[in-house]
Amino acid sequence: MEEKQFKEINEKLERISKLLGAVAIQGKTFREQVQLLSDVGLGPTEIAQLVGKDVNTVNVTKSLMKKKK
C-alpha cells in the first residue's frame, strides 16, 4: 500500500471514530461523556475535541471522578 493511500484511509478512519464517539455521547451529561470516552481508551485531548471543551476541563473532571471512586 502506498503512503498516500495509507494516509487517506487513516484520515477516513479518524472521521468515522469521531462520528461514532459523537453518537455515543448524545444525551449524556458531561461527566458521563468523559467517563464513556475514557473507558474506550480516548485521551483527554481527544475527549476535549469530541465534547467541545478544553483539555484542562476534561482533566479536572477525570480527576474529580477518580477521587469519588
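Colleague: Which backbone oxygen does the side chain of T61 reach?

Modeller: A polar contact is a pair of N or O atoms within 3.5 Å; within protein, one must be able to donate a hydrogen and the other to accept it, and residues adjacent in sequence count only if both atoms are side-chain atoms. Here the T61 side chain reaches the backbone oxygen of T57 at 2.8 Å. This is a predicted model, where local features need pLDDT of at least 70, side-chain atom pairs count only at pLDDT 80 or more, and totals for chains, interfaces and linings use all residues. Residues are numbered from 1 along each chain as its sequence is written, and side-chain values use heavy atoms, with hydrogens and water left out.

Colleague: Is T61 buried or exposed?

Modeller: Buried means under 20% relative accessible area, exposed over 50%, partly exposed in between (1.4 Å probe, protein chains only). T61 has 8% relative accessibility, so it counts as buried.

Colleague: How do I read two packed helices?

Modeller: You describe them by the angle between their axes and the distance between the axes. Axes are lines fitted to C-alpha atoms, for helices over the stretch in contact, and angles run from 0 to 180 degrees between N-to-C directions. Helices are DSSP runs (H or I, at least four residues), numbered from the N terminus. Take α2 and α4: their angle is about 85°, with axes 10 Å apart. That makes α2 roughly perpendicular to α4, a label for 65 to 115 degrees.

Colleague: Which residues does T61 touch beyond its neighbours within four places in sequence?

Modeller: Contact means heavy atoms within 4.5 Å. T61, which sits in helix α4 (residues 55–68), is in contact with F30, R31 and V34.

Note on methods. Helix = DSSP H or I, 4+ residues; strand = E, 2+ residues; numbered from the N terminus. Parallel < 35°, antiparallel > 145°, perpendicular 65-115°, else oblique.
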